[in-house]
Amino acid sequence: MTFFTEENLELAHEIIGRYPKQRSAMIPLLHLAQEQAGWVTEEAMKQIGGLIGTSSAEVLGTCSFYEMFKRHEVGRYVVNICTTMSCALMGAEELLEHAETRLGIKAGSTTSDGLFTLEGAECQAACTEAPCLQVNYRHKYRVTLSDFDHLIDELADPKNEGTPRHGVLAQIRQHIPTERSVGAMHPESVNAPPVWIEEQKEANS
Amino acid sequence: MTERGIPIPHAPGFIANKTPRIVTSRFDYEDSFTIARYEETGGYQGLRTALSRTPEAVHGEVRDASLLGRGGAGFPAGVKWGFCPPGVWPRYLVVNGDESEPGTYKDRLLMELDPHQLIEGCLIACYAIGLSQCFLYVRGEMAVAQERIAQALNEAYEAGYIGKNILGTEFSVDIVLHWGAGAYVVGEETALIESLEGNRGMPRLKPPYFPASIGLYGQPTIVNNVETLSNLPWILSNGFEAFKAIGTETSPGTRMVAVSGHVKRPGVYEIVNGTTTFRDLIYGETMCGGIRNDAALKAFVPGGGSAPWFTADQLDLPFEASQVGPEGSMLGSGAIMVMDETTDIPAAALTLTKFYAHESCGKCVPCREGGTWLEQIMRRIVNGSGTKRDLDLLIEVGETICPGDFPHASNKEKGLSAVPFPYKMTTICFVGPSAFAPVHSALTLFKEEFEAKVAGNSDRNYVEVTISA
Ligand SMILES: Cc1cc2nc3c(=O)[nH]c(=O)nc-3n(C[C@H](O)[C@H](O)[C@H](O)COP(=O)(O)O)c2cc1C
Ligand code: SF4
Ligand code: FES
């Protein structure tokens, strides 16, 4: 059974090829799966296991450790409101309560139209811009209660295309041109320093 | 009159000052993250300088600069690079871009606004240590940083700065962008490596204390913070003497510091290391300009959520580890969180304890169980159902994580003398102690606030339990 689209499968192979050991591609592939489906499905984990030479149980083991991987369907927009200290000092609790009222759900759940999942979250490295939140891991700063309402109206508008749906992270991918790549080697097949060291020493002595 | 710092709209939170700017020099440009702007403003010159010398000479330059790690521990980068055991290959560089310590906001700015500076820093480090493979680990919840770095890597490969035969020399190295998926503890370097190997991000048992001996795939691995590496292009371009001319002998250069909470102008500042004081930062006209509404300062966290708290008594301490440590705390990740006189101290401490309890990876019992206990006890105190006995229980549970005297600051009014940093611990990493740090600080410095919250609640139904360390 295949989960990945043909295009994503090709991308998966490219990603795996960058690492000295295949298993290192685990998290990037889980992200790719989440990007394709919006969450991480059983089929995805099975195929990832096959691609990197491990069992789907191992994939589940890693997957379940990380908060960003959702193993059930979530909203098109995951709204994370930071509740750690700097944001808490600046009114995060009030913002979260307001968000629950506005969306009519408790933190941790999804609106019935499948548009929004609301979560209380931890420090988002934007502490000076408190209180802050993220929509699909993109920041909004110094969010007032009315800012929040505007944001929700904007996102709920079907014409809105500003924020990609949940699962999509960076919209630009790394691509290493084959002719420029040094190439990843399995650590066991390397037991000498890179050849350039001696050559650079000579060139500069 | 000193000029006030200028906020920069495309760099949310950053406030430009007249102080020397080593790592934020390009932030004023709206296109600071593009290769064109980078090259126009001296970019990749440090790499050129490096490549015209031997790797040892470059390593020597960084060692002589005494560049201290900016990720939290403050270990000198040049010394750490020397810890790779001789004759063991391959070796790896892993860049720690997992920034998630409460209060910390600097690495994300550096990754979003000057990714080429970071890439150049990685290349210089790889050259000095003798590596041909680097992994740049960016926190999962930073879509924009990932995008900017991907773009910059693509440009730099294209332009011949990364990959085979860099700038026409023999030097060849790959830099691979990797990203996490939401777990604070993965910022701990051995957990970072586990995560990069495709595993659950749990810290490894020590020793070895440095992954320089056994790291990624069991090979020598150097882990450095984003800000640490971002200093390297400047050091190579300007020389270690120029670097040491800024700041002090033991803490040279600059530091990025985020000041958040109840100040007039919260922001990220690049400050002179070693000499700038907490007072300069919090009250300085060119920096935060004082406490909001001109209120009184109650307390501040000087070095990220894990650090024991300071009060007004410590305002005149400079950004110098050798002075902050004996006073009972640490500089950590350059994150100051300020609480004014209106702050509910137990509630503020709870927001941090909750964080660390939630982020425990579960590997050590004192952290997994103790953190949760601390959170639960704090919760009932904050919501008014705690009892006097709970205050002792907090300390009892804390001592199972950190036996002995926990560090705290001195306080004239309360007649406290400082217990110096660091502490003993029963856990593998600092997440466990970090759950206790805010509780201990709050209880030591503001016990009366806790007592007020539990006053009148009876201990009658208390079940006595004994916990031994
Ligand atoms: C729980 C924990 C979390 C950490 N998080 C980070 C982090 O997010 N970023 C970082 O650079 N260092 C973090 N560190 C410190 C790293 O383990 C390591 O010391 C650092 O990346 C080394 O880089 P440096 O020497 O350049 O500072 C953390 C440490 C611990 C114990
Ligand atoms: S102290 Fe906590 S987070 Fe650190 S290894 Fe132990 S259980 Fe995991
Ligand atoms: S505390 Fe909210 S972003 Fe750091």
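Visitor: How many residue pairs are in polar contact between chain A and chain B?
Guide: In this predicted model, 42 residue pairs make polar contact between chain A and chain B, counting pairs with both residues at pLDDT 80 or more.

Visitor: Which elements of chain A each supply at least two residues to the side that touches chain B?
Guide: Helices H2 (26–37), H4 (56–63), H5 (85–89) and H8 (196–204), plus strand E4 (138–140). H8(A) has the largest share, with six residues.

Visitor: And by class, what is on that side of chain A?
Guide: There are 34 nonpolar, 20 polar and 13 charged residues.

Visitor: How many salt bridges between chain A and chain B?
Guide: Two. In one of them, the side chains of A:Glu122 and B:Lys354 meet at 3.9 Å, N to O.

Visitor: What area is buried between the chains?
Guide: About 6,400 Å², with carbon and sulfur atoms giving 59% of that. On chain A, the three residues A:Met85, A:Arg180 and A:Trp196 supply 12% of the area that chain A buries against chain B, more than any other three.

Visitor: Switching to ligand 1. Which residues come nearest?
Guide: Of 18 residues around ligand 1, the nearest are B:Gly71, B:Lys80, B:Asn224, B:Asn225 and B:Thr228. Strand E6 (residues 221–225) of chain B gives the most to this shell, three residues.

Visitor: What does the side chain of B:Asn224 do there?
Guide: One of its polar side-chain atoms lies 2.9 Å from an oxygen atom of ligand 1. A backbone N or O atom of B:Gly187 is 3.3 Å from a ligand 1 nitrogen atom.

Visitor: How much of ligand 1 does the protein cover?
Guide: The protein covers 90% of the 610 Å² of accessible area that ligand 1 has on its own.

Terms used: Residues numbered from 1 in each chain as written. Chains lettered and ligands numbered in written order. Predicted model: local features only at pLDDT ≥ 70, side-chain atom pairs only at ≥ 80, totals over all residues. Heavy atoms only, no water. Near = heavy atom within 4 Å. Polar contact = N/O pair within 3.5 Å; in protein donor to acceptor, adjacent residues only side chain to side chain. Areas by Shrake-Rupley, 256 points an atom, 1.4 Å probe, with all protein chains shown as cover. Helix = DSSP H or I, 4+ residues; strand = E, 2+ residues; numbered from the N terminus. Buried area = accessible area lost by both parts, 1.4 Å probe. Salt bridge = Lys/Arg side-chain N within 4 Å of Asp/Glu carboxyl O. Nonpolar A, V, L, I, M, F, W, Y, C, P; charged D, E, K, R; others polar.
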